[in-house]
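Here is my note on the model, point by point. Please read it with the structure open.

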Amino acid sequence: MNLDLNLDLTTLKKLSNLIFEFGFELRFDNFKKVVKSDSILNTTIAMSTPTLVKPFLKWAGGKSQLLEQLRTKYPPALKRGQIKSYYEPFLGGGAVFFDLIQHYPLESYYLSDLNEELILVYQVVQQEVEALIEFLRVYQHRYFSLQQEEEKKEYFYDLRNCYNQSRFNINYKKLSEPWVRRAAQMIFLNKTAYNGLFRLNQAGGFNVPFGKYKTPKILDETNLIRVSKLLQQTALQVADVNEIASQITAPANTFVYFDPPYRPISKTANFTSYHRVAFDDSAQIRLANIFKKLHRKHAHLMLSNSDPKPLNPEDTFFERHYAGFQISTVSATRMINSVAQKRGKINELVITNYDYTY
Ligand SMILES: C[S@@+](CC[C@H](N)C(=O)[O-])C[C@H]1O[C@@H](n2cnc3c(N)ncnc32)[C@H](O)[C@@H]1O
């Protein structure tokens, strides 16, 4: 975006501080004084808007690497300014939310996930970011002061035990002091655990092993503060996707992005257990029905999932359950084999109920 402006120095300073706070990049072109007055500057401000505020958690299936491709598939109504509300009911790391909030002036953002540990962290970042930063500072300092990998590993497992034990004493319904420590522990584990995964076992305990990172960024203070500012505009909720769908009051002005746990494409790539409740084919079908119901109410809908076709050309699951909608693919680099820890290119599906090609 380019703006031609005549500004006095004080306004210019205020403007650049404001813009910096929101994480935009500002470039001043043709920066020259106008003859009439010393203090008036005539400048062209080129405001590019890269997504400077990033997801603060690493999340399996995260969409940061796909944003360029996903942007081209956002609803045209969004670009025309006709969308007022955004819902992301499988929030995870929230990459699409962070992209949207920094590029489109929507009125309301409703973020939710079934994982109460995840929403607890978002709520602490939203409401108690300073206290959270202090905890993270201590964890980071301690971790970096340990020289040997074995010592770091021991610290990781102590903290993981503490995190798992203390869940029995947490009231997940109401933000209270113990939430802050818990959120800091979750962020610490997310940055230091293997591959930045967050996985719970059947009993609800965090069970990802130590990640052997030498200097993980446990505390990214600037980003956390910016995230906290953005989250002031959001409503956060622990909820099943079904419950969220029934809360949408003005569907025609609403954009919903669904990023459910992916349908496994092979037996070795079945990472669908972000939560202790599995997301099996019957859950995928329930989701397709939610999609159709919201479509009938004229909501703008985008959904991601895995593409089974390269491994099994006969698999018509998505064609059958999303018949009549626009199904396209994007290319992602993912862990393709959990046994051999191989990364490779795979296709992912993007399903929309609108045409974005015009
Ligand atoms: C693929 S991840 C989301 C990735 C995320 N959009 C990102 O970009 O990082 C799927 C999420 O769905 C959540 N989930 C699983 N079952 C759910 C359900 N029935 N309702 C709502 N959320 C659910 C999991 O806790 C997990 O965070």
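**Notes on helix packing, the ligand shell and the loops**

1. I start with helix 9. Its buried residues pack against helix 5, helix 6 and strand 6 (234-238). Those buried residues are Arg 226, Val 227, Ser 228 and Leu 231. Bear in mind throughout that this is a predicted model.

2. How do helix 5 and helix 9 cross? Their axes come within 7 Å, at roughly 95 degrees. That angle falls in the range 65 to 115, so helix 5 is roughly perpendicular to helix 9. On the helix 5 side, the contact uses Tyr 122, Val 125 and Gln 126. Helix 9 answers with Leu 224, Val 227, Ser 228 and Leu 231. By class, this contact of helix 5 with helix 9 splits into 5 nonpolar, 2 polar and no charged residues. Note that Val 227, Ser 228 and Leu 231 are buried and also meet helix 5.

3. Helix 5 (residues 116-127) also packs on helix 8. The angle is about 110 degrees and the axes lie 9 Å apart. The two helices are therefore roughly perpendicular to each other. Their crossing is left-handed. Helix 5 brings Glu 117, Leu 120, Val 121 and Val 124 to this contact. Helix 8 brings Trp 179, Val 180, Arg 182, Ala 183, Met 186 and Ile 187. The class count for the contact of helix 5 with helix 8 is 8 nonpolar, no polar and 2 charged.

4. Next, helix 6 (residues 129-145) against helix 8. Here the angle is about 50 degrees, with the axes 9 Å apart. That makes helix 6 oblique to helix 8. The crossing of helix 6 and helix 8 is right-handed. From helix 6 come Ala 131, Leu 132, Phe 135, Leu 136 and Tyr 139. From helix 8 come Val 180, Arg 181, Ala 183, Ala 184, Ile 187 and Phe 188. The contact of helix 6 with helix 8 holds 10 nonpolar residues, no polar ones and 1 charged.

5. Please look at helix 8 from both sides. Val 180, Ala 183 and Ile 187 meet helix 5. Val 180, Ala 183 and Ile 187 also meet helix 6. What spacing puts residues on one side of a helix? An α-helix has 3.6 residues a turn, so residues three or four places apart point the same way.

6. Which residues come nearest to the ligand? They are Gly 61, Phe 90, Gly 92, Gly 93 and Asp 259, out of 21 residues around the ligand. The shell divides into 11 nonpolar, 6 polar and 4 charged residues.

7. Pro 260 sits in the loop between strand 7 (254-258) and helix 11. Beyond its neighbours within four places in sequence, Pro 260 is in contact with Phe 90, Phe 279, Leu 287 and Asn 305. Phe 90 is also one of the residues nearest the ligand. The C-alpha atoms of Pro 260 and Asp 113 are separated by 9.8 Å, though the two are 147 residues apart along the chain.

8. Asn 115 is in the loop between strand 5 (108-113) and helix 5. With 19 C-beta neighbours inside 10 Å, Asn 115 counts as partly exposed. The C-alpha atoms of Asn 115 and Gln 237 are separated by 9.7 Å, across 122 residues of chain.

9. Two backbone angles deserve a look. Most residues other than glycine have a negative phi. Lys 212 has a positive phi, near 60 degrees. Lys 212 lies in the loop between helix 8 (177-192) and helix 9 (221-231). Lys 212 is exposed, with 12 other C-beta atoms within 10 Å. Phi of His 298 is also positive, near 70 degrees. His 298 is found in the loop between helix 11 (281-296) and strand 8 (300-306). His 298 is partly exposed, with 13 other C-beta atoms within 10 Å.

10. Finally, the chain overall. It has 12 helices and 10 strands. Of its 358 residues, 31% are buried. Among contacts with a separation of 6 or more, 70% come from residues 24 or more positions apart.

Conventions
Residues numbered from 1 in each chain as written. Predicted model: local features only at pLDDT ≥ 70, side-chain atom pairs only at ≥ 80, totals over all residues. Helix = DSSP H or I, 4+ residues; strand = E, 2+ residues; numbered from the N terminus. Buried ≥ 20, exposed ≤ 12 C-beta atoms within 10 Å, placed from the backbone. Near = placed C-beta within 6 Å. Nonpolar A, V, L, I, M, F, W, Y, C, P; charged D, E, K, R; others polar. Axes fitted to C-alpha atoms, helices over the stretch in contact; angles between N-to-C directions. Parallel < 35°, antiparallel > 145°, perpendicular 65-115°, else oblique. Left-handed = near helix turned anticlockwise from the far one by under 90°. Contact = placed C-beta atoms within 7 Å.
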